[in-house]
Amino acid sequence: MEAERSVAVEKLTKAFDIEQITGDKESLKRRISIADTNRPGLELAGFFESSQRKRLVILGDKEIAYIETMSQAKQRKSFDFLTGEETPAIIITKDHKCPEILRRIAKRKNFPVFLSSSPTYRLIVNIVAFLDEELAENESLHGGLLSIYGKGVLIRGESGMGKSEIALELIKRGHLLVADDRVDCYRIHNKIIGKAPELLRDMLEIRGIGVINVARMFGVSSVLSKAEINFEVVLQAWDKDKDYDRVGIEEKKHENILGLEIPKIILPVREGRSMAVIIESAVTNFMLSEMGLDSAKEFEQRVLSYIAKNQTESE
């Protein structure tokens, strides 16, 4: 059985500008396993059934205003529940002060409470987006990822196909590098997001030259930290005995990545072919097909119309 994905509260402190006011380093080892937050109106009112205990708790304007109307006994009861073992942490937004009873209970339990100057809605949106990525289903693929005309293009193929050299040519033509050699893929809702492992970020390996830093060589505008994967190009060594797709009316191919079907095309590689230009053309054609403009179907319709016209004339 697959283990539940989770992220330590400590990682949240590194990603956001929040001030810890209770709890020590050990408290930051608490795990977040749900990419959502809890604004605990019902819990403050004393209703604890069906509460999502594993969610990060956010206290904003409404919660703080309501807490000020609560008796100390009710505060103790609610805060004791909200600082339970399963709850990762509490964040208080918009520079509100931490209620004193909450502070005392959190200190006694070694529970992490944070302060933030951010507006509540903005902090929630940013935290959910962060957790969506951190907790997303993921896998690593061998290949390269570039942004070509704004589309994330995954370039794959066996070793020696020249993937990195093609990527270099595409970068020189103004496209953006996301990852070379290995792409870490994450499924976030109905999108596959790809990025480079931290160790390989901005790097490109060229046989005969070695590893180059693309951001330094071509400027920071030549790289992206991540991109949605929209299209896949598979490079194969040219086989003269193989019948390659020449018109494009055959059934469209797809690659299943983390349960989502990604359109793909297989391109034969041989000397003399400008693969960068061919890949650009393939991406352009893919973009046109997304708009409902299919060149292969247009050509097929022309052929059928021509045949019908000739039959009519012969009769």
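Predicted model: local features only at pLDDT ≥ 70, side-chain atom pairs only at ≥ 80, totals over all residues.

Trainee: Okay. Which residues is Leu 170 in contact with, leaving aside its neighbours within four places in sequence?

Mentor: Leu 146, Ile 148, Ile 155, His 175, Ala 276, Ile 279 and Glu 280. Leu 170 also belongs to the largest nonpolar core, which has 28 residues.

Trainee: Which members of that core touch the most other members?

Mentor: Leu 146, Leu 170, Leu 204, Leu 235 and Ile 279.

Trainee: And which elements each supply at least two residues of this core?

Mentor: Strands β9, β10, β14, β16 and β18, plus helices α7, α8 and α9. The largest share comes from α9, with six residues.

Trainee: What does the second core look like?

Mentor: That core is separate and has 20 residues. Val 57, Leu 82, Ile 92 and Ile 105 are among them.

Trainee: Switching to α5. Which of its residues are buried?

Mentor: Helix α5 covers residues 100-109, and its buried residues are Ile 101, Leu 102, Ile 105 and Ala 106.

Trainee: Why do they line one face of the helix?

Mentor: Seen down the axis of α5, the buried residues fall within an arc of 130°, so they line one face. In general, an α-helix has 3.6 residues a turn, so residues three or four places apart point the same way.

Trainee: What do they pack against?

Mentor: β2, β5, α4, β6 and β7.

Trainee: Which residues are exposed on the other side of α5?

Mentor: Lys 107 and Arg 108.

Trainee: What follows the helix α5?

Mentor: Asn 110, with a positive phi near 55°.

Note on methods:
Residues numbered from 1 in each chain as written. Heavy atoms only, no water. Core = buried A, V, L, I, M, F, W, Y, C linked by side-chain atoms within 4.5 Å. Buried < 20%, exposed > 50% of the residue type's maximum accessible area, 1.4 Å probe, protein only. Helix = DSSP H or I, 4+ residues; strand = E, 2+ residues; numbered from the N terminus. Contact = heavy atoms within 4.5 Å. Arc of directions from axis to C-beta.
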